[in-house]
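Please read it alongside the sequence and the structure.

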Amino acid sequence: MSYDRAPEPGVGLFAGRHVLAEFDGVDPLLLNDLGFLRETLESSLRDAGATICDVVAKQFEPQGVTVLALLSESHASIHTYPEIGSLFVDIFTCGETADPELAAALLRDRLGALDARITTVHRGHPVPSETAR
């Protein structure tokens with residue numbers, strides 16, 4: 001049996017973009033507000049074209065919040081450190097429906113981060129260029 005990496009008709013490519021980010025200079029009160037963080041992550045993902053299947057969130061003591069979103073396209077998460085005004089962001093999407101870079105930028109802006117480091121890792125098989133299709 002051979003495999004040429006060509007997907008069957010109607011099947012997506014084995015490829016995705018994984019955005020990893022760190023935001024600093026965020027209001028510590030926002031970073032400890034589970035409801036605000038959940039809604040902000042959800043709205044940023046929806047506005048970037050992602051399809052949300054489920055969201056779970058956890059408030060930590062004495063502080064900090066983790067929010068995890070299960071997406072049709074894969075997943076997204078945030079984990080906050082209110083004591084230093086920082087958070088980690090992880091958004092992975094497959095396909096072309098959702099734009100993880102846009103989701104990260106929307107999240108950065110809605111949180112009012114003063115500093116952001118955003119990196120995109122291309123995962124899976126190389127995506128053929130539009131001219132090669």
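Contact here means heavy atoms within 4.5 Å. The model is a predicted one, in which local features need pLDDT of at least 70 and side-chain atom pairs count only at pLDDT 80 or more, whereas totals for chains, interfaces and linings use all residues. Residues are numbered from 1 along each chain as its sequence is written, and side-chain values use heavy atoms, with hydrogens and water left out.

**Annotated residues**

In an unreviewed entry, UniProt lists Ser74, His79 and Cys94 under "active site", and Ser74 is also listed there, again from an unreviewed entry, as "modified residue: Pyruvic acid (Ser)". Such positions are given in the numbering used here, with feature names shortened, and the annotations may be inferred rather than shown by experiment. Ser74 lies in strand 4, which covers residues 74–81, and His79 is found in strand 4 as well, while Cys94 belongs to strand 5; strands (E, at least two residues) and helices (H or I, at least four) are DSSP runs numbered from the N terminus.

Leaving aside neighbours within four places in sequence, Ser74 is in contact with Ala69, Phe92 and Thr93. With residues up to four places away again not counted, His79 touches Phe60, Val65, Thr66, Leu87 and Phe88, and Cys94 touches Ala15, Gly16 and Glu73.

Accessibility is classed as buried under 20% relative accessible area, exposed over 50% and partly exposed in between, using a 1.4 Å probe and protein chains only.

| Residue | Relative accessibility | Class |
|---|---|---|
| His79 | 27% | partly exposed |
| Cys94 | 32% | partly exposed |
| Thr97 | 56% | exposed |

Thr97 is found in the loop between strand 5 and helix 2 (100–111), where, apart from neighbours within four places in sequence, Thr97 is in contact with Ala48, Gly49 and Glu73. The C-alpha atoms of Thr97 and Ser72 are separated by 9.8 Å, although these residues are 25 residues apart along the chain.

**The largest pocket**

A pocket is an open set of points on a 1 Å grid over the protein atoms alone, where a 1.4 Å probe fits, with protein on both sides within 12 Å along at least five of seven lines, and lining residues have an atom within 4 Å of a point. The largest pocket is lined by 17 residues, of which Ala15, Gly16, Gly95, Glu96 and Val127 lie nearest its centre. Strand 1 (15–24), strand 5 (86–94) and strand 6 (115–124) are the elements that give two or more residues to this lining. From the set listed as active site in UniProt, the lining of the largest pocket takes in Cys94.
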